[in-house]
Amino acid sequence: MAIRSLDAFARMSIGRAFASGVGLVAGGFLILLVLVAIFAPWIAPFDYAAQNLMNANAAPGWPHLLGTDEFGRDVLSRVIHGARTSLSVSATAIAISMTAGMTLGAAAGYFGGFFERAVMTVVDLTWSFPDILIALIFVAIIGPGLTSTTFAIAIAYLAQFTRLTRAQIVRLKRETFIEATINLGAKPSHILLRHLMPNAIAPVIVVGMLAIGDGIVLEATLGFFGLGAQPPTPSWGAMMSSGTAQLFLSPWVIIFPGVAVAITVIAVNLFGDELIRALDIRDRLRGA
Amino acid sequence: MPNLLEVRDLSKRFTSAGGPFRKARSMHAVNGVSFDLASGRVIGVVGESGCGKSTLARLILRLIEPSGGRVNFDGDDLLAKTSAEMRKLRARMQMVFQDPYSAIDPRYTLSRAVAEPFEVQGVKPARPMADEVAELLEMVGLNPGLSTSYPHQISGGQKQRVGIARALALRPSLLVLDEPTASLDVSVQAQIIGLLEDLRADLGLTYLFISHDLSLVKYFCDEILVMYLGRVVEALPDTKAPARHPYTKTLMESTFEPDPKKRRLIAPLEGEVPSPFDLPPGCAFADRCPQASALCRTETPELSSKTGHAVACHHPL
């Protein structure tokens, strides 16, 4: 049974993405990162908020492996907890964006006509706003914090998911098997949920995966401007922002969160590329 | 035999939207087509590509909404049905499609594809679904062991058999065959045609057979409708009837003769099919017709029948 399920996993596209060396390293790193984020309180050597002004701006060494910041807080512990913030905000935002975008895109592509034009106009409008401006609007409405960041990221990527899903549905709608199924007497809900969506979902998931990487950068950017996580909650972007003040005195405060962002985004992108290859859908991603 | 299908004056006009830089244009894909199909008979519809035969099939099944005319199926006026009533009726009028390669959802196993008609119509077969699927696959000459295969694992001919099994699952009375063999190898074509003949005999089916292959239609059908640019130009009551329309005659003469002793010069048809957007007045075939007179270029000939062999020509042969 175990062998059979392992075999089934290898035949699944996500399993095939792990098959190459790059896919294995990138995917392995991401799994590790998720585990670190989940178990952050147990893994982090210190309390991320515990201040020790006597030991502020300490260089990397023992016991503070990555040094301390201007309040004497352990940078390693804050980077570990920051993974939690970055990953959960980005993943939540992309999940919201993907769900909304897939629903809107599928409905627009399937029903067409005036409804399609109305949806696509509004969605394209959200795309024309700079991400930072969208975030500022949310900050103005509900105040700074992770909720604003989440919604801002969700809206920033809405257009991408809507357009991609719509393009898939419009293409699939012309396939003979859709006409054949309509001719069997199938309702629109059957056509959409049993045929169109299952065939459209693979490229959307891959784009979602890649968007999580962009979302981490956007979260860091918003955090850097002080629009995201509020102190003392650690976020990679906010840590880099406070690190700028001591850039020359204690560069480790800004370097390590920056390295964390960079490695994570590289891993996400490399794994996403492997996923595209494993699913064999490169040509279908052009619709976005 | 009562008529299973009565088509009257069926038309479809496609209109392209106009704008500031172009005029709105419309084309008659199907123009006033009428015919009767008696239960148990096979009518063939032939014509060049673009003559509207596939559109005609979709209009009859209401997969495309007609612009005008009437379709009576087994006493029911199809165009008066609501979409819910229509979905129910579709169980009795099925279609086999030209392209078997995309006629099955690539994510469906064959058993799921063949069971889908029951799911869609909310019909619970008396026997377990697996038995039903196995019997349908056997009926179209497929090994039931293939039921766990995916479409990409089987050949084009096998896919077309699956398409036929899906169409027959709910025991329809009418089967519309839209060039079912056009995208298959010649040897596979013969197998599919043989299968369709057997199924018709076994299940008492009525076929509307659409093809551009006149020799196949002559072999397979009881009656033949010849279409040219959306109109029926000739209705041959049987396959032996000599052509009365010059277009039908050219079509018949252009079929390949395997016996070298019977070979003759094939006179190719001069000229091009006129654009369906800007139909010239008069007979649409006049520009390519050796018999055309001044009358042909001004007045459209109506389909009129003497002795049951209808032809739309001012100078029938």
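Helix α1 (residues 53-60) of chain B lies across β1, β2 and β4 (68-73) of chain B. Its direction is at about 65° to β2(B). Axes here are lines fitted to C-alpha atoms, for helices over the stretch in contact, and angles run from 0 to 180 degrees between N-to-C directions. Helices (H or I, at least four residues) and strands (E, at least two) are DSSP runs, numbered from the N terminus. Two residues are in contact if their C-beta atoms, placed from the backbone, lie within 7 Å.

This is a predicted model: local features need pLDDT of at least 70, side-chain atom pairs count only at pLDDT 80 or more, and totals for chains, interfaces and linings use all residues. Residues are numbered from 1 along each chain as its sequence is written, while chains are lettered from A and ligands numbered from 1 in the order in which they are written.

**The four-stranded sheet of chain B**

The strands under discussion form an open sheet of 4 strands, in the order β2-β1-β4-β5 (chain B). Its pairing is antiparallel. Two strands pair if DSSP finds at least two bridges between them. β2 (25-38) and β5 (76-77) of chain B are the edge strands, and each pairs on one side only.

Strand β1 of chain B covers residues 3-16. The table lists the pairings in this sheet.

| Strand pair | Bridges | Facing residues |
|---|---|---|
| β1(B) and β2(B) | 10 bridges | Glu6(B) and Asp36(B) |
| β1(B) and β4(B) | 5 bridges | Leu5(B) and Phe73(B) |
| β4(B) and β5(B) | 2 bridges | Asn72(B) and Asp77(B) |

β4(B) and β5(B) also form a hairpin. There are 2 residues between them. In the turn, Asp74(B) has a positive phi of about 50°.

**The eight-stranded sheet of chain B**

Chain B has another open sheet, this one of 8 strands. The order is β6-β7-β8-β3-β9-β10-β12-β11 (chain B), and the pairing is mixed. β6 and β11 of chain B stand at the edges with a single partner strand each, so one side of each has no neighbour in the sheet. From one strand to the next, the twist averages 20°.

Inside this order, strand β3 (residues 42-46) of chain B runs parallel to strand β8 (residues 206-211) of chain B. They are joined by 5 bridges. Val45(B) stands opposite Ile210(B) in β8(B). A helix lies across this sheet too: α8 (residues 246-253) of chain B lies across β3, β9 (223-228) and β10 (231-236) of chain B. α8(B) runs at about 110° to β9(B).

**Helices of chain A**

Two packed helices are described by the angle between their axes and the distance between the axes. Helix α3 (residues 21-38) of chain A packs against helix α5 (residues 75-111) of chain A at about 105°, with the axes 8 Å apart. α3(A) and α5(A) are therefore roughly perpendicular; angles under 35 degrees count as roughly parallel, over 145 as roughly antiparallel, 65 to 115 as roughly perpendicular and the rest as oblique.

From α3(A) come Leu33(A), Val34(A), Val36(A) and Ala37(A). They meet Ile80(A), Ala83(A), Arg84(A) and Leu87(A) in α5(A). By class, this contact has 7 nonpolar, no polar and 1 charged residues. Ala, Val, Leu, Ile, Met, Phe, Trp, Tyr, Cys and Pro count as nonpolar, Asp, Glu, Lys and Arg as charged, and the others, Gly among them, as polar.

An unreviewed UniProt entry places "domain: ABC transmembrane type-1" at residues 83-272 of chain A. UniProt positions are given in the numbering used here, feature names are shortened, and annotations may be inferred rather than shown by experiment. That span is 84% helix and 0% strand, and its end C-alpha atoms lie 19 Å apart. The unreviewed entry also places "transmembrane region" at several spans of chain A, including 132-159 and 200-229. Residues 132-159 of chain A are 89% helix, with end C-alpha atoms 16 Å apart. Residues 200-229 of chain A are 83% helix, with end C-alpha atoms 35 Å apart.

**Where the chains meet**

19 residues of chain B are in contact with 16 residues of chain A. On the chain B side, α2 (83-89), β6 (93-96) and α3 (110-121) each supply at least two residues. α3(B) gives the most, with 4 residues. By class, this side of chain B has 9 nonpolar, 3 polar and 7 charged residues.

**Confidence**

The model scores ipTM 0.88 and pTM 0.82. Chain B averages a pLDDT of 88, and 98% of its residues score at least 70. pLDDT is the predictor's confidence in each residue, from 0 to 100. In chain B, strand β11 (residues 304-306) is lowest, at a mean of 77, and strand β7 (residues 174-178) is highest, at 95.
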